[in-house]
Amino acid sequence: MRSLQFWIKVTRPMQALLGGLATYIVATLSDGQDWFAPVKLAAAGVMFMGVAGASIFHYGAAHQMYARKDWDRIEVRQPALLISLGGLMMFMSSALALAILPSICFWITTFNAVAVSCYARWLAKHWVTKNVVIAFVCTTPVLIGWLSGQHTHPALPYLTVATFFAYWTREIIKDYLDMKADDGIRVTLPLWLGPAKAHRALYVAAITMFLAVASLLEFASTMHGGPTLAVVFFQVAIISLAFTGVCLAERRCIPQLPRFITCSNALVLASAFLLKLS
């Protein structure tokens, strides 16, 4: 229970670090040239604590499902401990947002905390609320980074929309892979469609993936005249996400696609960071 490997698993430190970094990068695009402005650092801290807290809380609240997974199995013997610790971290995230960030950021972090708290017991029970809520929560690193500043970058709304659809796609793929673990606990899109038609969920995922690509193409206008490496990173991300959409439509390489989406999102953020440096 208390092994280092267990805590790395439930805290997902890389996800928390990437969430905080994404918020910081977007905040630098959203507002001014001061890299170490308190608002930008606070926004990154808010997101780091929020992501880590949400992960810990969810592993405690959904411990029965994780014990049934084939590819992400973990035994949680003291779920109440994880729920308490995760809830405390999410509270601290909201408190920091209230103290330093614009009020809209506080309300977003509070919504995230409430959504995560209700997720395992209620929101995750049906695919409509499950997918939409998680896609929004995963979009908040970009959203809070954008709203914490003066909204000076005109392309950030497109990046926000692209992130939402990319993570919606990722959730549908994970639901397809988790049908055995979810059966009897949740009504995900593949289970709702039924065994004979479950693969049609992948076609829905392909549509949301191409919507993400279309939104990123609107963001691409900011890359004109930018550093070569930034342009290359962005082009690779676009190609990778488009390839993901094709794989979904053709039902190929499905277990690898969530990682493709995560890596593509990281490349987009890296290109945005390089663009800011130029």
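**Close-up views of the predicted model**

**View 1. The sulfur of Cys138 is too far from any partner for a bond, because the closest cysteine sulfur, in Cys263, is 15 Å away.** A quick word before going on: this is a predicted model, in which local features need pLDDT of at least 70 and side-chain atom pairs count only at pLDDT 80 or more, while totals for chains, interfaces and linings use all residues. Residues are numbered from 1 along each chain as its sequence is written, and side-chain values use heavy atoms, with hydrogens and water left out. A disulfide is a covalent bond between the sulfur atoms of two cysteines; here the term means a pair of cysteine sulfur atoms within 2.5 Å. By that cut-off the structure has zero disulfides. Cys138 itself is partly exposed, with a relative accessible area of 24%; buried means under 20% relative accessible area, exposed over 50%, and partly exposed in between (1.4 Å probe, protein chains only).

**View 2. Cys253 is in no disulfide either.** How far away is the nearest cysteine sulfur? That sulfur belongs to Cys247, and the gap is 4.6 Å. Cys253 is partly exposed, at a relative accessible area of 43%. Look for Cys253 in the loop between α12 (228-250) and α13 (257-277); helices (H or I, at least four residues) and strands (E, at least two) are DSSP runs, numbered from the N terminus. The backbone is worth a glance too: phi of Cys253 is near 55 degrees, a positive value in a residue other than glycine. Most residues other than glycine have a negative phi.

**View 3. Arg12 also has a positive phi, near 45 degrees.** Arg12 is in the loop between α1 (4-11) and α2 (13-30). Is Arg12 buried or partly exposed? With a relative accessible area of 28%, Arg12 counts as partly exposed.

View 4. Along the principal axes, the C-alpha atoms fill a box of roughly 50 × 45 × 30 Å. Of the 278 residues, 51% count as buried. Among contacts (heavy atoms within 4.5 Å) between residues at least 6 apart in sequence, 74% join residues at least 24 apart.

**View 5. Ala97 is buried in helix α5 (residues 79-100).** The relative accessible area of Ala97 is 0%. Which residues does Ala97 touch, not counting those up to four places away in sequence? They are Val46, Cys105, Phe106 and Thr109. Leu18 is 79 residues from Ala97 along the chain, and their C-alpha atoms are separated by 18 Å.

**View 6. Lys130 and Arg186 are in contact with each other.** Lys130 lies in helix α7 (residues 127-147), while Arg186 is in the loop between α9 (179-182) and α10 (189-193). Lys130 is buried, at a relative accessible area of 2%, and Arg186 is buried at 10%. Leaving aside neighbours within four places in sequence, Lys130 contacts Tyr119, Leu123, Ala124, Glu171, Asp175, Arg186 and Thr188. On the same terms, Arg186 contacts His58, Met65, Tyr119, Ala124, Lys125, Lys130 and Leu191. As for Tyr59, it is 71 residues from Lys130 along the chain, with 16 Å between their C-alpha atoms.

**View 7. The second largest pocket holds about 310 Å³ of space.** A pocket is an open set of points on a 1 Å grid over the protein atoms alone, where a 1.4 Å probe fits, with protein on both sides within 12 Å along at least five of seven lines; lining residues have an atom within 4 Å of a point. Grid points are joined across faces, edges and corners, and the volume is the space filled by probe spheres set on the points. Which residues lie nearest the centre of this pocket? Of the 14 lining residues, they are Ala61, Ala62, Ala120, Arg121 and Lys125. Helices α3 (38-61) and α4 (63-66) each supply at least two residues of the lining. By type, the lining divides into seven nonpolar, four polar and three charged residues. Ala, Val, Leu, Ile, Met, Phe, Trp, Tyr, Cys and Pro count as nonpolar, Asp, Glu, Lys and Arg as charged, and the others, Gly among them, as polar.
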